[in-house]
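Please have a look at the structure first, and then read my notes beside it.

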Amino acid sequence: MKFVCPQSELNQQLSLVSRAVSPRPNRPVLANVLLQVNGENQTVTFTGFDETLGIETCFPAQVESSGSLTLPAKLFGEIISRLPGEDLEITADGSEPTVTIISSSGRYEVRGLSAEDYPALPLVETGSAAELSPETLIRGLQGSLFAASTDETKQVLTGVHLLSEPEILEFAATDGHRLAVVQAVDESPTAADAEMKVTVPAKALRELDRMLQAHSTTAPVIFRFDDIQVCFELDHQRLTCRLLEGQYPNYRQLIPKQFARQMTVDRKLFISSLERIAVLASQKNDIVKLTLIPAEGSVALSVEAQEVGSGREVVPAQITGDDLDIAFNVRYLLDGLKAFQCSEVQIQCNSATSPSVLIPLGELKMTYLVMPVQIRG
């Protein structure tokens, strides 16, 4: 095996697949990345796989001879990342799984394991397929991923639920305290052909989001799925993972149909005030109280942190309905507001103990529901 490739390309592709390598693998070979060199196609393929999440990337190189083996992801990656930004020569004689890396700064040898022991990435050969635009996926992921649970005891909530309807793909995520729902319109011809109702692990979708952000292509993403597995194909990259099992909650019934109060506020102004008040709120369970004052056209943000201090800010707002004191986890509010791209946001609520809904005005259809925190004393 022998090929020549720019250090920057090797480093970028290796970093991508290494994110699918487990830090604590149950088999030694799973601490490695699979390296496959193809002389006929003049390509190099890297694969990382932890038996749940798999990432594969294929890129062009000057290939003199073909071959394959696996290399320790962390060690190989750290060596490549520190080498000069120039063409590197990678060789292996085939008698044992060891590569030699040659650059102007010196020569390194890295011992690996046979490629025969590396598990193949699962394929979705039957089931359904759809094409989705990268823009649709990015909008949906960035508007929902932050609300997924990190509690592994509630497995199904650690993912994002994808649901297709005619010309619409819905993304939903909840951790039991807040719920983010994005309805993204996708004009790809096959976007709504497949009936989609799957829950994909948030970890895998975060990697997909990174892949999409790094790509400048507008080519559609091919999305294949069955009852067990999902696969996203983007140009010469592929991400595969197991779907989460279990019934996803009927989240639509959680969103109130009517509201007694509505408040419209400048998003950036509101975020700035919340971030300042959050400094004190972090001293007291991250709780901030909002006081809606319709007569004054304002909302007051306040924190009382015993033995530390207090803070209060007033932000202009258009409010309909009666006065109200309502409290929230300030981090939950900021997460949702930062996921919006709009200039103004509308907050709808009924009482201090019922769910409130944040909606961005003038952009994609997104609903962010947050449960308030009971105010004591």
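The points below go through charged pairs, backbone angles and a surface patch.

1. Please keep in mind that this is a predicted model. A search of the whole structure finds 16 salt bridges. Side chains of opposite charge can pair when their charged atoms come close.

2. Start with arginine 19 and glutamate 207, whose closest N and O atoms are 2.7 Å apart in a salt bridge. Arginine 19 sits in the loop between helix H1 and strand S2, and glutamate 207 in helix H4, so the pair ties together parts 188 residues apart in sequence. Glutamate 207 counts as buried because its relative accessibility is 5%, while arginine 19, at 38%, is partly exposed. A network of salt bridges links Arg19, Glu207 and Arg210.

3. Aspartate 50 and lysine 203 also form a salt bridge (3.3 Å, N to O). Aspartate 50 belongs to the loop between S3 and S4, and lysine 203 to helix H4, so this pair joins parts 153 residues apart in sequence.

4. Which residue does arginine 238 meet in a salt bridge? Its partner is glutamate 56, at 3.3 Å from N to O. Arginine 238 is in strand S17 and glutamate 56 in strand S4, 182 residues apart.

5. Now for the backbone: most residues other than glycine have a negative phi. Glutamate 51 is not a glycine, yet has a positive phi of about 75°; aspartate 286 likewise has a positive phi, of about 60°. Aspartate 286 lies in the loop between helix H5 and strand S19.

6. Finally, Glu296, Asp322, Asp323 and Asp325 form a negative surface patch. Aspartate 325 is part of strand S23 and is partly exposed, at 37% relative accessibility.

Key:
Residues numbered from 1 in each chain as written. Predicted model: local features only at pLDDT ≥ 70, side-chain atom pairs only at ≥ 80, totals over all residues. Heavy atoms only, no water. Patch = residues over 30% accessible without salt bridge, like charges linked within 9 Å, V, L, I, M, F, W, Y side chains within 5 Å. Areas by Shrake-Rupley, 256 points an atom, 1.4 Å probe, with all protein chains shown as cover. Salt bridge = Lys/Arg side-chain N within 4 Å of Asp/Glu carboxyl O. Lys, Arg positive; Asp, Glu negative; His and termini not counted. Charge placed at Lys NZ, Arg CZ, Asp CG, Glu CD. Helix = DSSP H or I, 4+ residues; strand = E, 2+ residues; numbered from the N terminus. Buried < 20%, exposed > 50% of the residue type's maximum accessible area, 1.4 Å probe, protein only.
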